[in-house]
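Please open the structure in a viewer and keep the selection tool at hand.

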Amino acid sequence: MRTKLSLISLVAALLCVGAASAGNGNGNNDNGKVRYSFLGQLTATPANGGVSITVQGGNKVALRAMLGQPVTQTFAYGDKTEFLKWSKGIPTVVQAGDLATGDFVWVHVRAPRNAALA
């Protein structure tokens, strides 16, 4: 029997080293930054400012950054990170503690093109 899993979207801005200021909010590439999108399952409940996932997919720039790296990655999050949980096509803002091990998640990071995964 196949079970339904909630798709949780983690929209995480300012996660990469050197991303010290927020973008201009106009929907552009934020001063040359691109969106890295990683899809995977949570390996643990987010804690201590980090979310750990087993990456199973993503967009082209994200997968290129993953070359030669382990599939399990930990992404930092901060006060400006927004966690969205989708149910029946409607997003709801939730806290990091509302996520559970095994949930499928998207992690979106804005960073300069060709930024190192670290």
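Which residue has a side chain joined to that of Ser52 by a polar contact? Select Ser52 together with Thr43: the side chains of these two residues are joined by a polar contact of 2.7 Å. The model on display is a predicted one, and this distance, like the other values of the tour, is computed from it.

**First stop: the surroundings of Ser52**

Ser52 belongs to strand 3, which covers residues 50-58. Its relative accessibility is 15%, and because buried means under 20%, Ser52 counts as buried. Now extend the selection to the residues that Ser52 touches beyond four places in sequence: Gln41, Leu42, Thr43, Ala44, Thr72, Gln73 and Thr74.

**Second stop: the whole chain**

Read from the N terminus, the order of the elements is β-β-β-α-β-β-β-β. The protein has 118 residues, of which 36% count as buried. Among contacts with a separation of 6 or more, 67% are between residues 24 or more positions apart. The accessible surface amounts to about 7,300 Å², and carbon and sulfur atoms account for 53% of that surface.

Colour the chain by pLDDT next. The mean is 80, and 75% of the residues reach 70 or more. Then select residues 1-26, where pLDDT stays under 50. For this stretch the model has 56 contacts beyond four places in sequence.

In soluble globular proteins, nonpolar side chains tend to be buried together. Which members of the largest nonpolar core touch the most other members? Select Tyr36, Phe38, Ile53, Phe75 and Val107, which hold that place among the 22 residues of the core. Two or more residues of this core come from each of strand 2 (33-42), strand 3, helix 1 (60-66) and strand 7 (104-112).

Keep Tyr36 selected and display its contacts beyond four places in sequence. They include Asn59, Val61, Ala62 and Ala65. Val107, His108, Val109 and Ala111 are also among them, as are Pro112, Arg113, Asn114 and Ala115.

**Fourth stop: the aromatic pairs**

A pair of aromatic rings is described by the distance of the centres and the angle of the planes. How many aromatic pairs does a search of the whole structure find? The search finds two.

Select Phe38 and Phe75. Their ring centres are 4.9 Å apart and their planes stand at 45°, so this pair is tilted. The pair links distant parts of the chain, since Phe38 is in strand 2 and Phe75 is in strand 4 (residues 72-76), 37 residues apart. Phe38 has a relative accessibility of 2% and counts as buried. Phe75 is buried as well, with a relative accessible area of 9%.

Move on to Tyr77 and Phe83. Here the ring centres are 5.2 Å apart and the planes are at 85°, so the pair is edge-to-face. Phe83 counts as buried, at 6% relative accessibility.

Is Leu99 buried or exposed? At 3% relative accessibility, Leu99 counts as buried. Its place is in the loop between strand 6 (90-94) and strand 7.

Most residues other than glycine have a negative phi, and most peptide bonds are trans. Select Asn48, whose phi is positive, near 50°. Asn48 lies in the loop between strand 2 and strand 3 and is exposed, with a relative accessible area of 84%.

Lys88 is next, in the loop between strand 5 (82-87) and strand 6. Lys88 is not a glycine, yet its phi is positive, at about 55°. With 82% relative accessibility, Lys88 counts as exposed.

Finish at Asn31, in the loop between strand 1 (7-11) and strand 2. Asn31 counts as exposed, at 73% relative accessibility. Select Pro112 with it: the C-alpha atoms of Asn31 and Pro112 are 8.5 Å apart in space, and the residues are 81 apart in sequence.

Methods
Residues are numbered from 1 along each chain as its sequence is written. Side-chain values use heavy atoms; hydrogens and water are left out. Helices (H or I, at least four residues) and strands (E, at least two) are DSSP runs, numbered from the N terminus. Buried means under 20% relative accessible area, exposed over 50%, partly exposed in between (1.4 Å probe, protein chains only). A polar contact is a pair of N or O atoms within 3.5 Å; within protein, one must be able to donate a hydrogen and the other to accept it, and residues adjacent in sequence count only if both atoms are side-chain atoms. Contact means heavy atoms within 4.5 Å. pLDDT is the predictor's confidence in each residue, from 0 to 100. A nonpolar core is a set of buried Ala, Val, Leu, Ile, Met, Phe, Trp, Tyr and Cys residues joined through side-chain atoms within 4.5 Å. Rings of Phe, Tyr and Trp (its six-membered ring) pair if their centres lie within 6.5 Å; planes under 30 degrees apart count as stacked, over 60 as edge-to-face and the rest as tilted. Accessible areas come from the Shrake-Rupley method with a 1.4 Å probe; for residues, only the protein chains shown count as cover.
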